[in-house]
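This report covers one protein chain. Please look over the sequence and the model first.

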Amino acid sequence: MKKLKQLRAANDQQLKAIHGTDYTYTETVIGYLRTDLRKDPYAIEQAINDLLTTLTDAQTAGHRVAAFFSDDPQTAADNILKELPRVPAWYLFDQYWPIVMFLFASIIFTMLVGQEHRLSLSSIAAPVAVVFAFIGVPFARGISFNKVSSKTIFGLLITFALFIIVPLLIGYFSAKTNAFSFSRPLLISLCVGIGLVNLCLAGYFRTIALLLISWTGIWLLALLGLLLPASSLTVGLAIAGVLCATLLLFYHPEPKSVIAAN
């Protein structure tokens, strides 16, 4: 998303014109605005640009940023967000579908590496950790500004830690006795089905068709690994599949919003 990165870089540069404690305050507000994943990110950057222009002029005139937002900065920021257009459905797929695909694909490739069709709870800890990281980062960026109590934050952190640690402990103490077994036909059907879903979505969401077709290729790679007899070749295919899936986590086509076209 080159265009979006350019807009963010320009706004970050403009932010430097604000000095003193007002800089930290404004930076926090901007970070909060950017965490709302329900709104068009281009519209958010345009709103941030307008906001920075207003605040820079206000500071030049001798006014403080804190005074601009009165006593409730979060409400002011939320009011800005209310006026912005919602993010289109295809953009949500662009952001989160790769995370879902990575979770399932990495599990299949893990079984291929082990050359068996058994999946223990401990073996899914790493993929789940990656998924939580991608979903949790936007929330973490705005949590310092959001009205969330420290107790709630601490509880969320504990829950996340337990979600990762508990499967590892269960897998360690119970060895393979708690592993889930999957038949080869079931795994093959799963790969074919998810591959077809990606193709159908590519036809529906033309804007991100290349991304969805790429994920179809990932599932074809997994299918090939399941159809071939277990060998060093299937292990190589699994490793290649994990690497490609990881790269696709960072690939996002340029959104075609109204603001992006300007």
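Where is the place of Asn-11? Asn-11 sits in helix α1, residues 2-15. Helices here are DSSP runs (H or I, at least four residues), numbered from the N terminus.

## Basis

This is a predicted model: local features need pLDDT of at least 70, side-chain atom pairs count only at pLDDT 80 or more, and totals for chains, interfaces and linings use all residues. Residues are numbered from 1 along each chain as its sequence is written, and side-chain values use heavy atoms, with hydrogens and water left out.

## Confidence

pLDDT is the predictor's confidence in each residue, from 0 to 100. The chain has a mean pLDDT of 77, and 69% of its residues reach 70 or more. Helix α10 (residues 209-227) has the highest mean of the elements, 94; helix α12 (residues 258-261) has the lowest, 44. Over residues 257-262 the pLDDT is below 50, yet this stretch has nine contacts beyond near neighbours in sequence. Contact means heavy atoms within 4.5 Å.

## Asn-11

Asn-11 counts as buried because its relative accessibility is 3%. Buried means under 20% relative accessible area, exposed over 50%, partly exposed in between (1.4 Å probe, protein chains only). Leaving aside neighbours within four places in sequence, Asn-11 contacts Arg-34, Glu-45, Ile-48, Asn-49 and Leu-52.

## Helix α11

The buried residues of α11 are Thr-234, Val-235, Leu-237, Ala-238, Gly-241, Ala-245 and Leu-248. Seen down the helix axis, they fall within an arc of 160 degrees, so they line one face of α11. The arc is that of the directions from the helix axis to the C-beta atoms. Their cover includes α6 (89-113) and α10. On the other side of α11, Ser-232, Leu-243 and Leu-247 are exposed.

Technical notes
Helix = DSSP H or I, 4+ residues; strand = E, 2+ residues; numbered from the N terminus.
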